[in-house]
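I opened this entry to look up strand pairing first. The overall make-up comes after that.

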Amino acid sequence: MLSVAGTKSKAKGSQGQFPITQNVTVVEGATANMTCRVDYNDNTSLQWSNPAQQTLFFGDKKALRDHRIELVRASWQELTIRIGDVSLSDEGQYTCSLFTMPVKTSKAFLTVLGKPGRPEITGFTKPAMEGDIITLACTTSGSKPAANIRWFRNDKEVQGTKEVNATGKSFTVRSSLQFEVDRRDDSVAYTCSVEHVSLTTPYMTTEVLEVHYAPHLEITHSLIIPQEGQYFKLECVSIGNPIPEPVLWSKDGGELPDIERMIVEGRELTITTLNKTDNGTYRCEASNHLGTSSAEYILFVYDPNALGQHGPDHALIGGVVAVVVFITLCLIIVLGRYLARHKGTYLTHEAKGAEDAPDADTAIINAEGNHVHAEEKKEYFI
């Protein structure tokens with residue numbers, strides 16, 4: 001039973017001589033206890049009446065024939081009754097009366113919550129076709145107050161359009177979700193969640209969408225550079241719903257030329273030993289009831305010997321360039337050192353006479369003499 005305490009209601013009267021009640025909230029189908037107390041009572045009877053002002057109990061005497069209503073406690077200070085299997089029609093204002101002169105009363109409002117029914121999703125067509133526009137609807141009835149509906153696409157919330165209709169004292173709530181179907185919706189779970197104050201956890205229902213769409217094919221290959229003598233495999237990767245079957249292989253617009261070396265297993269084409277005759281355009285094709293798709297791969301088989309010779313040529317050229325650069329640097333260094341050394345020797349011989357002279361005058365004469373001898377030596381060799 002869900003019970004919500006309300007504001008205490010006290011009837012005006014002499015001190016201690018008035019009834020006290022509380023508002024009560026329960027979920028439809030549960031049990032409601034209605035209690036009326038008085039702090040002081042001089043042997044005066046208490047009475048409970050329903051919203052139609054029909055007496056339910058007068059003291060411990062039952063006045064209304066309703067098997068759902070029972071006495072819980074009756075005394076001069078308290079009158080408590082129980083209403084079982086509460087329905088929406090039981091909602092209303094109940095009155096507790098203390099039969100003094102004048103009669104004193106206190107009001108208690110019984111609120112009955114209508115529990116929503118479990119939601120149902122309609123509008124699913126199995127399968128849906130890519131490009132179709134479909135409308136999903138989630139409906140729950142019997143809620144009071146009106147329930148709230150939320151939509152989820154897998155785990156992500158999406159917004160729907162809500163409609164609320166009154167049915168007697170309860171409400172029917174409907175939420176619609178409209179969208180254009182594409183292949184990304186295939187195997188997506190759409191969940192309708194119903195939330196209400198009477199529920200501890202939301203009611204949920206889920207439907208998985210199946211979408212049929214035309215195929216799309218791609219070819220993958222096992223080698224980056226196919227060479228003669230190698231084992232080579234092509235695979236026709238296909239997406240589509242239903243799965244496109246069967247996969248047909250062809251070469252240069254015709255049948256496969258060598259069925260002994262070219263083996264087809266399901267979506268795979270295997271060439272056991274490549275050779276130059278395998279060069280060409282390979283095509284795979286598959287279809288379902290929505291369409292046909294194909295993919296192509298151009299095969300060029302390389303000569304492994306040519307690839308081997310082509311590689312060393314580059315290495316040889318690189319090595320030769322490195323050697324030339326190294327030799328050039330060595331010649332520059334040697335030449336630089338030779339020039340620096342030759343210049344230093346020339347200046348040293350020219351200044352030799354000046355270094356051996358005892359004074360400045362002699363040094364000048366020696367220097368001039370050396371210069372003359374140098375000229376004479378030059379002329380002699382000429």
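I started with strands E5 and E6. E5 covers residues 46-49 and E6 covers residues 55-58; they pair in the antiparallel sense over three bridges. I checked which residue faces Trp48: Phe57 in E6 stands opposite. I note that this is a predicted model.

Next I looked up the sheet around this pair. E5 and E6 belong to an open sheet of six strands, ordered E3-E11-E10-E5-E6-E7. Its pairing is mixed. I then asked which strands stand at the edges. They are E3 (24-27) and E7 (61-62). Each has a single partner strand, so one side of each lacks a neighbour in the sheet.

I moved on to another sheet. This open sheet has five strands, in the order E13-E21-E22-E25-E24, and the pairing is again mixed. E13 (128-129) and E24 (262-265) are the edge strands; each has a single partner strand, so one side of each has no neighbour in the sheet.

Within this sheet I looked at E21 and E22. E21 (residues 211-221) runs antiparallel to E22 (residues 232-241), and seven bridges join them. Here I found His216 opposite Ile239 in E22.

I count three helices and 27 strands in the protein chain. It has 382 residues, and 34% of them count as buried. For contacts between residues at least 6 apart in sequence, 60% join residues at least 24 apart. I got an accessible surface of about 23,300 Å² for the protein chain. Carbon and sulfur atoms account for 54% of that surface.

Conventions. Residues numbered from 1 in each chain as written. Predicted model: local features only at pLDDT ≥ 70, side-chain atom pairs only at ≥ 80, totals over all residues. Heavy atoms only, no water. Helix = DSSP H or I, 4+ residues; strand = E, 2+ residues; numbered from the N terminus. Buried < 20%, exposed > 50% of the residue type's maximum accessible area, 1.4 Å probe, protein only. Contact = heavy atoms within 4.5 Å. Areas by Shrake-Rupley, 256 points an atom, 1.4 Å probe, with all protein chains shown as cover. Pairing = 2+ DSSP bridges.
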